[in-house]
Amino acid sequence: MSANRGSVLVLGAASDIGRAIAHAYAKAGRPVILAARNATRLDPDLKDFAVRYGVAARTVEFDVLDIAGHGAFLEKLGELPGTVVCVVGFMGEQARSEQDPAAAELVIRSNYVGPAAIMAEAANRMVARGSGTLIGISSVAGDRGRASNYVYGSAKAGFTAYLSGLRNRLAKTGVAVITVKPGFVATQMTAGMKLPKPLLAQPAEVADAVVAAEAKRRDVIYVRPVWRLVMLIIRGLPEAIFKRSKL
Amino acid sequence: MMLSGWGRYPRAECRVVEPDGAAETLAAISGNDSLIARGNGRSYGDSSLNPEATVSTRRENRFIAFDPATGVLTCEAGAMLSDILATFVPRGWFPPVTPGTKFVTVGGMIAADVHGKNHHKAGAFGDHVEWLDLALADGQVLRCSAAENAELFAATRGGMGLTGIILAVCFRMTPIETASIRQETLRAGDLAETMDLFEQSRDWTYTVAWIDCLAKGGGLGRSLLYRGEHARLAELPAEHREAPLALKPPRSKRVPLDFPAASLNRWSVGVFNELYYRRSKPGTVLVDLETFFYPLDAILEWNRIYGRSGLLQYQCVLPKAESAAGLRALLSRIAATGAGSFLSVLKLLGPQAGVLSFPLEGYTLALDFRAGAATLALLAELDAIVAAHGGRIYLAKDARMDAAMMRKTYPRLAEFESLRRRVDPQGKFASLQSRRLAL
């Protein structure tokens, strides 16, 4: 029973996807911990969780870039959560990231260095306990670098590879590692972009897929199955053709 | 972003603002000279469209408090009725008034002061609101209720968002024992019989009639009347009594494409209506809440069957004394054109409450037509019939009435306008509809 797997820590809970994931777990009866910067802005959500699902919910302050503080952050939670979902991400502006190394570094630290570090801290504690699930929200953008978003994409590629290695390392422990590639999602981050409807998922759809992936002990999921095919094709294109394409 | 109401007519390019939290809503009010709130966009016409700033309450969808002893729910204005049903039906509570779709927000239900199949007994949604918090044009937030800021409350329910932006709402729900409705179906051969059945059904909580608007002559106004009560626990078959409040898992289908313009015509609709009328068996059955209240919600994007041009829904109400003559005139005119719709609904309403609320004591008729020049001409003719019989049109459905018709048919409009001049002297809150109606 999912209700017996303990609490769920959602890192990046203020984002549309993070909030939806917290809802999906609370609906399944799991206590949720909402972690974000300026976490008190999520206080109205706590009342909502209490009325809607009758589960315990709380907020905690979290900054993925404060890597030195990650260990202390987990200790301060009291009990180690049963599941940790890392939704943290920052797309930045590709054009700016190309010209401004500091901007590029922020994107890379926000999507790779920081998330990898907190996953490592959580993983080591879960291994010591002998159980737990780590879920990383990565991106199809990490499957192949494209001109339109390769700085963000390369960081997500790093995160995807990191999760893959972590899963390999922990395969014989009781700790599961799941990689989630949502594809296009209708969120504040993508508002105003013209995206093809069959490829565009709602945040609640991503959230349901995450909860289902944990229940089914999956390794890597694309939220809409069509993405597996799309990325298979994109990854399969010879570089000589791909480098001239506008994908 | 290109936006429209549920009727997909008219469409307008609107700048959309999506505040998250009251502070951001207040910032949207101070930062825009002209704006209108938009819930889930289920009003049919242009009530929730403002090209300069359309303020979506989509993110303001949280529940704030619930008292399981009294069934009083407090929530943000963007809370969806579908979420309320999913959360509270299993706990034995049902919204006191529900429109024909659950894909609406609580803020939208107040703005249109929606009615349901129980208006003759329960009044409109606004009658069950304990209080609401309203953000005004000057950034003030006022709690409004029947006792506190009562004038503003009466103008906000049914006020189509023109008094301000609703932030939070507290309303009472109704206790239920089961998630089923005991539904009785009756057949009426003509208009007089239909109206008789409504009169005989006054004690029923829910009544509604599907009316065949293509029937002419002796069959004019023939209908199927449905009346319903929340089923008591003892009425359920034994095998359902263990989980009487369980909601059925949704089984929805989506209309995959815009239907071609020719697919809905007097013959196809006529055949449908004939079959529907003949196949529906009079008698009593137990049905689930979804089937009774939201049959069309099972077909997602059903508005697409009217094609790319969109649909115009015409919903009017006629005072009781004028209803027989008025309905006869309207139905004859519609049957003569053959421009009928699948969805023609007749209901008996009780008296008006809010300043601009639609209901008045009498019969309301709602029909769908494909949008287009012929329909617009027909509806203008229907307006004249409605006005001549002392009736009016529902603003939540309207996309095309003119300002003169509005002025003629909403007797408390002057009261509304004087209050609005006081709380919003610059007319900040405006929609394409309010501009068209010169409000």
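Among contacts in chain B between residues at least 6 apart in sequence, 75% join residues at least 24 apart; two residues count as in contact if their C-beta atoms, placed from the backbone, lie within 7 Å. Please keep in mind that this is a predicted model, in which local features need pLDDT of at least 70, side-chain atom pairs count only at pLDDT 80 or more, and totals for chains, interfaces and linings use all residues. Residues are numbered from 1 along each chain as its sequence is written, while chains are lettered from A and ligands numbered from 1 in the order in which they are written.

Let us stay with chain B for its overall form. Its 439 residues would give a compact globule a radius of gyration near 22 Å, and the 21 Å of chain B agrees with that; the radius is taken over C-alpha atoms, and the globule rule is 2.2 Å times the number of residues to the power 0.38. Along its principal axes, the C-alpha trace of chain B spans about 60 × 55 × 45 Å. Chain B holds 13 helices and 22 strands, these being DSSP runs numbered from the N terminus (helices H or I, at least four residues; strands E, at least two). Of its 439 residues, 49% count as buried, meaning that 20 or more other C-beta atoms, placed from the backbone, lie within 10 Å of a residue's own.

Now look at strand β11 (residues 165–172) of chain B, where seven of the eight residues are buried. Strand β7 (residues 72–76) of chain B pairs with β11(B) in the antiparallel sense over five bridges, and two strands pair if DSSP finds at least two bridges between them. Within this pairing, Leu73(B) has Phe171(B) as its bridge partner. Strand β9 (residues 129–135) of chain B is also antiparallel to β11(B), over six bridges, with Ala135(B) bridged to Ile165(B).

Key
Buried ≥ 20, exposed ≤ 12 C-beta atoms within 10 Å, placed from the backbone.
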